[in-house]
Amino acid sequence: MSYSDILLCIFGLFCTSYISRILPLAILGRRPLPTVLALWLKYVPTSVFGALIFVSIFGDASSGFRFSWSNIEFLAALCVIPVAAKTHSLAYSIIVGLTAYWLLQTYMG
């Protein structure tokens, strides 16, 4: 693959990514969203975040499903749940999660 082919591929990927992001904004940006759609979109960041961290906490297809009390990531996540529910603060949740993970890794790891 030549240098010009690589640059053409990068430019094509850039155009595809840019169009897929700007097109919905250009079409829907001037109109208010329907109430049902706005309520549904409110939960998208939370569900995406949950899907992303699920694999980190419980493992993946290659390592198997790790749901046990010896799973340090799971125990640290259990510590974060009450803090996140009470404070609704991402910063406090991250601090508690990292601290819990560090303590659990130090004493159980």
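This is a predicted model: local features need pLDDT of at least 70, side-chain atom pairs count only at pLDDT 80 or more; totals for chains, interfaces and linings use all residues.
On a 1 Å grid over the protein atoms alone, a pocket is an open set of points where a 1.4 Å probe fits, with protein on both sides within 12 Å along at least five of seven lines, and its lining residues have an atom within 4 Å of a point. Grid points are joined across faces, edges and corners, and a volume is the space filled by probe spheres set on the points. Residues are numbered from 1 along each chain as its sequence is written, and side-chain values use heavy atoms, with hydrogens and water left out.

The largest pocket has a volume of about 840 Å³. Its lining comprises 23 residues, of which Phe49, Ile53, Ile57, Ala77 and Val80 lie nearest the centre. Two or more lining residues are given by each of α3, α4 and α5 (90-108); helices here are DSSP runs (H or I, at least four residues), numbered from the N terminus. Helix α4 supplies the largest share of the lining, eight residues. By class, the lining divides into 15 nonpolar, seven polar and one charged residue, where Ala, Val, Leu, Ile, Met, Phe, Trp, Tyr, Cys and Pro count as nonpolar, Asp, Glu, Lys and Arg as charged, and the others, Gly among them, as polar.

The axes of helix α3 (residues 44-58) and helix α4 (residues 72-87) come within 7 Å and cross at roughly 130 degrees. Helix α3 is therefore oblique to α4. Axes are lines fitted to C-alpha atoms, for helices over the stretch in contact, and angles run from 0 to 180 degrees between N-to-C directions; those under 35 degrees count as roughly parallel, over 145 as roughly antiparallel, 65 to 115 as roughly perpendicular and the rest as oblique. Ser56, Ile57 and Phe58 in α3 meet Glu73, Phe74 and Ala77 in α4, contact meaning heavy atoms within 4.5 Å. The residues of this contact divide into four nonpolar, one polar and one charged.

Asparagine 71 occupies the loop between α3 and α4. This residue is buried, with a relative accessible area of 4%; buried means under 20%, exposed over 50% and partly exposed in between (1.4 Å probe, protein chains only). Beyond its neighbours within four places in sequence, asparagine 71 is in contact with Ile57, Phe58 and Arg66. Its C-alpha atom is separated by 39 Å from that of valine 36, 35 residues apart along the chain.

Histidine 88 lies in the loop between α4 and α5 and is exposed, with a relative accessible area of 70%. Although not a glycine, histidine 88 has a positive phi of about 55 degrees. Threonine 16, in helix α1 (residues 3-28), is likewise exposed, at 54%, and the C-alpha atoms of threonine 16 and histidine 88 are separated by 36 Å. Threonine 99, in helix α5, counts as partly exposed at 39% relative accessibility. A C-alpha separation of 14 Å relates threonine 99 to phenylalanine 74, 25 residues apart along the chain.
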